[in-house]
Amino acid sequence: MSDTSGLITPALVDLHLAPRDKSEALRALAQRLVAEGRVTDLDGFLADVAAREAQAPTGMGDGIGIPHCRSPHVTRPSLAFGRSAGGVDFDAPDGRPADLIFMIAAPAGADDAHLQILAALARRLMDPAFTGALRDAESPGAVAALVNGEETPAAAPEPAAVAQTPAAPEAADADAGLLLVAVTSCPTGIAHTYMAAKALELAAVRAGVRIQVETQGSAGTTPLAPEVIAAADAVIFAHDVEVRDRARFAGKPTVDVGVKAAVNRADDLIARAAGLVTETGSGARAAAPVAAPSAPTGEHWAQRLRKYLMTGVSYMIPFVAAGGLLIALAFAIGGYQIASAPSVLGHFDWTSSHSWAAMLFQTGKTSFGFLVPVLSGYIAWAIADRAALAAGIAGGAVSVAVGAGFLGGIVSGLAAGFLVLWMIRWNVPRAIRGIMPVVVIPLLSVAAVGFLMFVVVGSPIASAMSGLTDWLNGLSGSNAILLGVLLGAMMAFDMGGPLNKVAYTFAAGALTSAGTTPDAGSLKVMAAVMAAGMTPPLGMALATVVRRRLFTPEERENGKAAWVLGASFITEGAIPFAAADPLRVIPANMVGSMTAGGLVMAFGSTLRAPHGGIWVLPLIGSPFLYLVAVAAGTVVTTGVVVVLKGMRKPAVPAGPDAVPSGAEQELVGA
């Protein structure tokens, strides 16, 4: 019996699936998982499936649909299978409706062994003999036996040239013909990652070339041997998330696409890679150690830009946190006058609290000095990888020198990244390829970005930054309150999504301009954003206590966790509630967060730390009023969601096959 044993039972098979649309098909299969105890919450699981469907279509082509997700509502790795005579539209690239529908359900905390089961199944779905046998199966038991490996469909043995796992270095003999390497990855790391790998392996066999594929998925990653990579003629990246340790493949001719391109057009990708080898000539295996990364096909430019900016912000935040907290502690120990203390070099007294406060302040201030260079450097890194770090960091340092602040850091990071990305793609003589990444690219890019920031855009951005700082520091009355209300709405609308991140990035970036002023407007902005982010999960948690009957047992359990998540400034704690009932929960969250944000600005509370929630309360200015604002926002959120949920009509069961997710569960409809 194969390692897929137990993945499916006959009760999880529907050979006569006849839904009106995709939503009905997903619900019908999910109900079978619930009935078998594989899923504990029907609506919660369907919300997780819908979230995965929203990332990218799961129609594979050739009549196969493979909706899948990782969900906390799944008790064990499972597969529900449906066969539809009329087909269901899963937005497959070939436009063909799916007559074979595989719903893969993985637990959120599945271990490697469980995930390897799902990976093995994903590979088998690329085998025409396997899918053909499923189309011909006459009973649910026959389908379960095929999937669980109890029956094996007749198929030609796989040629030995296909490498299922990274082979030993000697397998990459330079005289054995064309050798390709590939990396596949997808957002969940369950299905597309392994289907793409299998498709590339089969296409390589058809083309008569060798390929070794590294799957960066949830079932664990076995990296390709360095000797294999060194001997490879070209690389195929089929990915929807960033390739880990990409620098290993530097200098190789590269085909860079989304993961579904490998599933659906593997033969074309193999041909393109072989064509690149022909164009670059026999010296490809000794190419320069620099690669030109590019975004997966189909990703909108705005999504890529947001990814670049959030990468920079994520690397900047630890410096903000460390520096801000150290400065706040210094103020708490030595008072605000500690900002004018002389350097602790040569003036440190081990027994003096004043010396310790000065040391903390000066260390925190030094940490703050790295904020903009790190922001700029890692924006550039996200665009063009390691080759762009020097120009990005240098550009950020120049931005600080000319007073352009974090706005200048964003500009310098983007400029450095796209400049280096362009330079990487230069077709230079082979003699100088080896010095391109260590001499030529750093020299030219640092000089160009320095010129840009010193001479061209530095002064205008510095003026804009000075104006922004003065505006924030001068905020008072209705202007401050309106800003707090707006930021609160953004924090609550998508609870960790793009608008939430824009508001948080604005606050964290403004925090870098606060300097040592204890009541700077930027510190008030950070306080408003954190209060607004704490309110949604706290409001949902309180609502599950005051009106329990409006929530399912699973939501009431989520409410217990939401207390801690909200108190810790983890807005995502409200997502399970919004996914189950978005039309009522999201407006309630927004009204509550707008209340909290506006009140914080009205009270003048400040916050130097970019995170921490209630745990950094001693570092918050006017902490009592801050708690009043958070409490008010929480109560408003609770009140609005209770009213909205109380106005709804009782939900009608979906049909005779509907399966409740718990004995006392109420159906929560949108």
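**Before selecting anything**

Residues are numbered from 1 along each chain as its sequence is written, and side-chain values use heavy atoms, with hydrogens and water left out. Because the model is predicted, local features need pLDDT of at least 70 and side-chain atom pairs count only at pLDDT 80 or more, while totals for chains, interfaces and linings use all residues.

**The whole chain**

Of the 670 residues, 53% count as buried. Buried means under 20% relative accessible area, exposed means over 50%, and partly exposed lies in between, with a 1.4 Å probe and protein chains only. A contact is a case of heavy atoms within 4.5 Å. Among the contacts in the chain with a separation of 6 or more, 75% are between residues 24 or more positions apart.

**Stop 1: Arg 96**

Select Arg 96, in the loop between strand 5 (78–88) and strand 6 (98–107). Arg 96 is partly exposed, with a relative accessible area of 39%. Not counting residues up to four places away in sequence, Arg 96 touches Asp 62, Gly 63 and Arg 135.

**Stop 2: helices 4 and 5**

Select residues 128–136 for helix 4 and residues 140–147 for helix 5. Their axes come within 9 Å and cross at roughly 165 degrees. Helix 4 is therefore roughly antiparallel to helix 5. Axes here are lines fitted to C-alpha atoms, for helices over the stretch in contact, and angles run from 0 to 180 degrees between N-to-C directions. Angles under 35 degrees count as roughly parallel, over 145 as roughly antiparallel, 65 to 115 as roughly perpendicular and the rest as oblique.

The crossing of helix 4 and helix 5 is left-handed, a term for a near helix turned anticlockwise from the far one by less than a right angle, with clockwise giving right-handed. To see the contact, show the side chains of Phe 130, Ala 133 and Leu 134 of helix 4 and Val 143, Leu 146 and Val 147 of helix 5. By class, this contact has six nonpolar, no polar and no charged residues. Ala, Val, Leu, Ile, Met, Phe, Trp, Tyr, Cys and Pro count as nonpolar, Asp, Glu, Lys and Arg as charged, and the others, Gly among them, as polar.

Helix 5 is mostly covered, with six of its eight residues buried. They are Ala 142, Val 143, Ala 144, Ala 145, Leu 146 and Val 147. Just after helix 5, Gly 149 takes a positive phi of about 80 degrees.

**Stop 3: Ser 185**

Select Ser 185 in strand 8 (residues 179–185). Is Ser 185 buried or exposed? Ser 185 is buried, with a relative accessible area of 1%. Leaving aside neighbours within four places in sequence, the residues in contact with Ser 185 include Thr 193, Gln 216, His 239, Asp 240 and Val 259.

**Stop 4**

Select residues 389–402, which form helix 13. The expected span of a helix is 1.5 Å times one less than its number of residues. For the 14 residues of helix 13 that gives 20 Å, and the end C-alpha atoms are 20 Å apart, which agrees. Its buried residues are Leu 389, Ala 391, Gly 392, Gly 395, Gly 396, Val 398 and Ser 399. What covers them includes helix 12 (371–384), helix 14 (405–424) and helix 16 (436–456).

Helix 13 and helix 16 pack at an angle of about 25 degrees, with their axes 9 Å apart. The two are therefore roughly parallel to each other, and their crossing is right-handed. Residues in this contact include Ala 391, Gly 395 and Val 398 of helix 13 and Val 446, Val 449 and Phe 454 of helix 16. By class, the contact has nine nonpolar, three polar and no charged residues.

Helix 13 is followed by Gly 403, whose phi is positive, near 85 degrees. Next select helix 14, where 14 of the 20 residues are buried.

**Stop 5: Ser 622**

Finish at Ser 622, in the loop between strand 13 (620–621) and helix 24 (623–646). Most residues other than glycine have a negative phi. Ser 622, not a glycine, has a positive phi of about 55 degrees. Ser 622 is partly exposed, with a relative accessible area of 33%.

Note on methods. Helix = DSSP H or I, 4+ residues; strand = E, 2+ residues; numbered from the N terminus.
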